[in-house]
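Student: I want to learn to read strand order and helix packing. Please take me through one case.

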Protein chains: 2
Amino acid sequence: MDLELARELSVEADSKIVLLVMDGLGGLPHPETGRTELEAAYTPNLDRLARESMCGLTVPVAPGITPGSGPGHLALFGYDPVRFQVGRGVLEALGIDFDLQPGDVAARGNFCTVDDRGIVTDRRAGRIDSERCARLVAKLQGIQVDGVQVLVEPVREHRFLVVFRGQGLSDRVADTDPQREGVPPLPATATAPEGERTAGLVARFVEEAARRLRDEAPANMLLLRGFAVRPHWPTVQEVFRLRAAAVAYYPMYRGLGKLVGMHPLPSGPRLEDAVASVREHWERYDYFFVHYKATDTAGEDGDFDRKVEAIEAADRAIPALVELDPDVLIVTGDHSTPAVMSGHSWHPVPFMMRARWARADECDAFNEVALQRGILGTFPAVDVMPLALAHARRLKKYGA
Amino acid sequence: MDLELARELSVEADSKIVLLVMDGLGGLPHPETGRTELEAAYTPNLDRLARESMCGLTVPVAPGITPGSGPGHLALFGYDPVRFQVGRGVLEALGIDFDLQPGDVAARGNFCTVDDRGIVTDRRAGRIDSERCARLVAKLQGIQVDGVQVLVEPVREHRFLVVFRGQGLSDRVADTDPQREGVPPLPATATAPEGERTAGLVARFVEEAARRLRDEAPANMLLLRGFAVRPHWPTVQEVFRLRAAAVAYYPMYRGLGKLVGMHPLPSGPRLEDAVASVREHWERYDYFFVHYKATDTAGEDGDFDRKVEAIEAADRAIPALVELDPDVLIVTGDHSTPAVMSGHSWHPVPFMMRARWARADECDAFNEVALQRGILGTFPAVDVMPLALAHARRLKKYGA
């Protein structure tokens, strides 16, 4: 549903929606057993919920597309992830809880190694440790160019965040990262006329930073990419009339929620921690986005058994969530991260929604195979929000 | 997936995709047995492949729409068939392997019968035989109007191809075929200002042709329709980074492949011939479009048993195709041609894709009924290409 239509039809109501996102939830069969992570896991609580729920599989962006975390979550929040794109620099800022101000231009930075002719020989500076990163970042602090402040923050290993703060800046600046070795860093250039001045400032910052890093080999240079300003999108409050909270332990997911106007709430790495936070704030919000990370981390690491354990650990926290008795309770993922692929994938994502007005189906377990029999079939993730609102009686009739 | 997004996400990879199109594959139950052509056929190899594949049914253009060969194939190649339209004149040229040059304007021609007042009494000139068609076409050769060459080629029975070749021509010319009898042929008129000059040339060609045909009743006049120039679309190489080959016995299908940048390879009427050609050129291409015509021909003829035989003949060639072990092997059709309807239809088309990263489903046979249990459900044919690319690991992640 288009946001304009959503804005027209959404109404306030005395109902609660909980969206539990188990990151990277979808999987693929283990080659030895033929069973996926969800099939292998002992999940009595999720399975019971599946029997009471309307089930299916979601397509995060489009068939065949492997989404990053940004598009995967935005779709679940009801924002078309092809129309609403968030730049790398902004995601990096969200990931360290850096509070981007209107007008700030953020970029992702890499320390790298250049030889004495200025040729990049290692784009990741030998993956220096985070401690060294923090020390080098300290050397880059306080650089000002033409009255524009340059804020630098360490992220992890060779990665850091750069934020240009001042009047009239633009994100229309090309990456200085050539994305390969054996060539010099690219000069900072504008990708549109309005980026000319900012590109000049970036060039001067890089020049000064290079001077300060000169004797720091292997981290004797830096590369910047993903120049971006924080987008200003219609909030879920404006569009869907929801007082929404983001309950996430990792900053990037709190940040993704904040991008669409959700209020961040504290959480912990375990689903129990998140559920406790939801319970504590139950009366204050209509919509809770609850993020659980462990499934994705294990999947990315290619650790099938650990992903199974992460699923089982989440399953044990499900009764506490069900006990809150939200009007709409959704359990799904932002994308698949099959352990056998050690990374995100395009495969449709397990989904279930328990709600008083949901139609029943024949789905009796929460896994990729059983959910195929779900009444929702395989459907776009961007439809999840309108379905949630409808089942929470928060959408009025369209047309006379 | 939008072609712009595809262009952004597609990457080269060391993987092979084979798309087998069994033309007009989908069917309907025989009224006496209640079984479709695929259900009636003995297809052990296709059924085995279905057990190993991800299954479903495709919608070529949109629900309820009966596609011609052009849209049916373009959708499978990843080109939205509503946006990418190919004119009748161009399809006719492709059908006889006529090599349209940039700027050529092609039209489909019919010989027809007119009475002494110039009224069309038979739009198909009594369906004169192909030999007579060729003789009449010879009489029309060598006509030049205003320095523009008019090339005429026989097609079959009363049908021929006309190509106007010269500077500054336009396809904005209306049909001269009134599409009914009892009225005179329509004058050649422009449908937009840029078609004015070409419409004038067409009128003069028709005048001269009519003079030469005067004594050739029942083929004493001609009707033209479907003026079209060869479109210039982004190629599969540009958009999907595929070195692609079209393995088809009939020129129109090689031509449809050529329209999107596929290299034509020799084939024969049997699927064995096509598979041999694929094997011979295996190393040179990433993507093979393999066309098998016999299923459609039998369906169009309303010959249920012959369509069953055509399916069984194809089934016998499947092991040779499987033996090549492509990373992604797809078997589907461009549309349905139920023998009981003696023509193309709108019914969703059997589909299966075998690939290492494909999720399993409960589909155990390759026919319209069993495929309904497929994990892909009923889905747009235009999604076939992105799914194939994803499973061949040829799409990078979208968004950070």
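Tutor: Start with pairing: two strands pair if DSSP finds at least two bridges between them. Helices (H or I, at least four residues) and strands (E, at least two) are DSSP runs, numbered from the N terminus. This is a predicted model, where local features need pLDDT of at least 70, side-chain atom pairs count only at pLDDT 80 or more, and totals for chains, interfaces and linings use all residues. Residues are numbered from 1 along each chain as its sequence is written, and chains are lettered from A and ligands numbered from 1 in the order in which they are written.

Student: What is the order of the 8 strands in the open sheet of chain A?

Tutor: Strands pair through backbone hydrogen bonds, either parallel or antiparallel. Here the order is β10-β9-β11-β1-β12-β13-β2-β14 in chain A, with mixed pairing.

Student: Over how many bridges do β12 and β13 of chain A pair?

Tutor: β12 (328-332) and β13 (349-355) of chain A run antiparallel over 5 bridges. Val331(A) faces Met352(A) of β13(A).

Student: At what angle do helices α5 and α9 of chain B cross?

Tutor: Axes are lines fitted to C-alpha atoms, for helices over the stretch in contact, and angles run from 0 to 180 degrees between N-to-C directions. The axes of α5(B) (88-95) and α9(B) (251-259) come within 7 Å and cross at roughly 120 degrees. Under 35 degrees is roughly parallel, over 145 roughly antiparallel, 65 to 115 roughly perpendicular, the rest oblique. α5(B) and α9(B) are therefore oblique.
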